[in-house]
Structures are given as C-alpha cells and as structure tokens.
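Please take a moment to look over the model below before reading on. The paragraphs that follow lead from a pocket to the helices.

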Amino acid sequence: MKIWSVLSDATRGWQMIIRGQPGWRDRFTLSGAGLATALCVFAFFAFLAVAIASMSIGMPATFGVLAAMVILALPVISLLVTLVTTRNILKSEAPMLPVLVPGIYAMTGFLLIEGLLAMIGGPVVMMAWFALGFLLYRLARQACDWSLGTAAGFAVLTVLLLVAMRYALYMLSNAPL
C-alpha cells in the first residue's frame, strides 16, 4: 500500500463525487481491504492529531492515547450508525462499502480541517460541520441514488449525531460529583 497513491486516489474520487462525475467508484477500493485501508489511514491521522495536540504537555499513556483516538473516531461512528439506521428505515439492500470507504476518507479530512479550525476559535468549527454535511449529501446522492430529501436527511443526521455524541461526552466528563 502506497499511502500517497491511496490519498491521491481518494482526493480525486472526492472531486468526482462533488462534481457528480461518473467513475468515482474506480478511485476507491470498495472492498474489505479498501475499508481496512481507509480505517488505517484514519487511525494514523487520529494518532498524529493526538501526538500534535500533546506536544506541549507530553504524550499521554497508552490508555490516554486510546481514549483520545476513540473520541476522535466519533465521526466514523456517527457515519456508520446513521448509514445503518437510514438503510434500515428505507429497507434498502444497497451495499454499505460505497458509502463507508469514501465516507471514512471524508472523515479523515474533516478531522484535520476541524482540528485546524479549532485553533482559530470555537464558532469557526461549524464551517467544518457544514462542509462535512455537504460532502455526505453528495456521497449519498452518488453512492445510493437516494432522493434529495433522504440524502439531505442522512447528511444532517450524521452531523447532528456527531455533535450530540461530543456534547454528551463533554457533559459526562464534567458531571458534578
């Protein structure tokens, strides 16, 4: 696996998805191996984000790194939960890999962009949420041929679930004793 070619293909594939061009599926490996590759790329960038964020205080212990990576994996978890729920509601038998593999690459980009925007200030992070919602909308339209309303609902619910899970974790970590 050549990381640069994988990232280059994913970037080109996403450009094609946004533009509505056919052939975007050829840019992603829509198989179990492609899903594993996407998850490994995401895990690498999540670990890198933890390492960069802890430069001033020192790298946390193994449990701290794993906990931080689980929190950083919330976008992928929200994508999976919303995708499964939407498919169950629609009683769709469409394969999940055409959404999951490109979606995980989108979540990797979201992780990086959101981290950079968080350094500027809190409200600016909402721009990353809106951009993620748009990307998920385009993905749902291209990969699943869902209607405009279903694709928009999928995108909005994925972003809302992501935000809700983060706020829930924040509230649990600051609960009064």
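Residues are sorted here by class: Ala, Val, Leu, Ile, Met, Phe, Trp, Tyr, Cys and Pro count as nonpolar, Asp, Glu, Lys and Arg as charged, and the others, Gly among them, as polar. This is a predicted model, in which local features need pLDDT of at least 70 and side-chain atom pairs count only at pLDDT 80 or more, while totals for chains, interfaces and linings use all residues. Residues are numbered from 1 along each chain as its sequence is written, and side-chain values use heavy atoms, with hydrogens and water left out.

The lining of the largest pocket divides into 15 nonpolar, two polar and one charged residue. Helix α5 gives the most to this lining, with seven residues, and α2, α3 (62–72) and α5 each supply at least two.

Two of these helices also meet one another: the axes (lines fitted to C-alpha atoms, for helices over the stretch in contact, with angles from 0 to 180 degrees between N-to-C directions) of α2 (residues 32–53) and α5 (residues 97–120) come within 9 Å and cross at roughly 10°. That makes α2 roughly parallel to α5, since angles under 35 degrees count as roughly parallel, over 145 as roughly antiparallel, 65 to 115 as roughly perpendicular and the rest as oblique. By class, their contact (heavy atoms within 4.5 Å) has 15 nonpolar, four polar and no charged residues.

Further along, the axes of α6 (residues 125–144) and α7 (residues 148–173) come within 8 Å and cross at roughly 140°, and these two helices are therefore oblique to each other.

How values were computed
Helices (H or I, at least four residues) and strands (E, at least two) are DSSP runs, numbered from the N terminus.
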